Amino acid sequence: SYLFKDKRPSWFERTLVILKPDGLQRALSGEVLSRFEQRGLQLVAAKLIRPSAAHLKQHYWELRDKPFFTNLVTFMSSGPIIAMVWQGTDAVAIGRAIIGATDPMDALPGTIRGDLCITVGRCEEGPKEYWELIGKRNKFSCLTNSRFRNVVHGSDSVESAKHEIDLWFKPAELVMWERCCHDWVFESP
Ligand code: IDP
């Protein structure tokens, strides 16, 4: 089958998906994997790891000038994550559609972020009573880790997917396997 050849048809894409620390802590791994699997994408690599800050800086290098860059890296290295590679026709765009908008407040119901989380954090806002209510001394005591909790990451373009897959996986870690439902899900070129 062509799945076992190095050269895949160009319509066949791969995307990198990460279950972020909040997703794993909240026991959402099965739910998240199910959504990609049930949509029809094929899992070709997965690993549970606690990535280093240096690795995550490379992963989010395009965001290095953003004010939240350091806190984002701190959050992503705050606990284990599951890194995955999913493949299929238009896997990058389909993956983004499954995940939904960056801010869960904008994410549509039916997407992972629209169904499974509330906010990426507005730590600067809220009165003193609010910080007491949630058990934090003040807004600064929660700034480092309480943002960015939107459960998953997904590559945003075919180019960044290639770059991200190379960053997270060695070629030998990608498992080529033929799935019995392939022809029930994808059209041949
Ligand atoms: P994406 O994950 O939807 O591709 P990016 O713009 O690449 O969004 O941002 C990477 C991550 O940084 C987001 O998933 C989110 O965790 C965090 N992030 C981005 N923008 C904001 C923000 O304005 N406030 C808080 N967190 C943000």
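Colleague: Is D90 buried, partly exposed or exposed?

Modeller: In this predicted model, D90 lies in the loop between β3 and α5 (91-99). Its relative accessibility is 41%. Buried means under 20% and exposed over 50%, so D90 counts as partly exposed.

Colleague: What is the phi of D90?

Modeller: D90 is not a glycine, yet its phi is positive. The value is about 55 degrees.

Colleague: Is V151 buried or exposed?

Modeller: V151 is found in the loop between α7 and β4 (152-154). The cut-off for a buried residue is under 20% relative accessible area. V151 has a relative accessible area of 0%, and therefore it is buried.

Colleague: How many of the residues of strand β3 are buried?

Modeller: Strand β3 spans residues 81-89 and is mostly covered. Strand β1 (residues 12-19) runs antiparallel to β3, as does strand β2 (residues 42-49). Of the 9 residues in β3, the number buried is 8.

Colleague: How many bridges join strand β1 to β3?

Modeller: The two strands run antiparallel. Within this pairing, I18 stands opposite A83 in β3. The number of bridges between β1 and β3 is 8.

Colleague: Which residue in β3 does A45 stand opposite?

Modeller: Strand β2 is joined to β3 by 7 bridges, in an antiparallel arrangement. The residue of β3 opposite A45 is V85.

Colleague: What percentage of the ligand's exposed area does the protein bury?

Modeller: The residues around the ligand include Y60, L63, F68 and F148, as well as K20, R96 and R113. An N or O atom in the side chain of K20 is 2.9 Å from a ligand oxygen, a polar side-chain atom of R96 also lies 2.9 Å from a ligand oxygen, and for the side chain of R113 the distance is 3.0 Å. Taken alone, the ligand exposes 520 Å². Of that area, the protein buries 77%.

Colleague: Is Y130 buried, partly exposed or exposed?

Modeller: Y130 lies in helix α7, which covers residues 128-133. The relative accessibility of Y130 is 37%. This value falls between the limits of 20% and 50%, so Y130 is classed as partly exposed.

Methods:
Residues numbered from 1 in each chain as written. Predicted model: local features only at pLDDT ≥ 70, side-chain atom pairs only at ≥ 80, totals over all residues. Heavy atoms only, no water. Helix = DSSP H or I, 4+ residues; strand = E, 2+ residues; numbered from the N terminus. Buried < 20%, exposed > 50% of the residue type's maximum accessible area, 1.4 Å probe, protein only. Near = heavy atom within 4 Å. Polar contact = N/O pair within 3.5 Å; in protein donor to acceptor, adjacent residues only side chain to side chain. Areas by Shrake-Rupley, 256 points an atom, 1.4 Å probe, with all protein chains shown as cover. Pairing = 2+ DSSP bridges.
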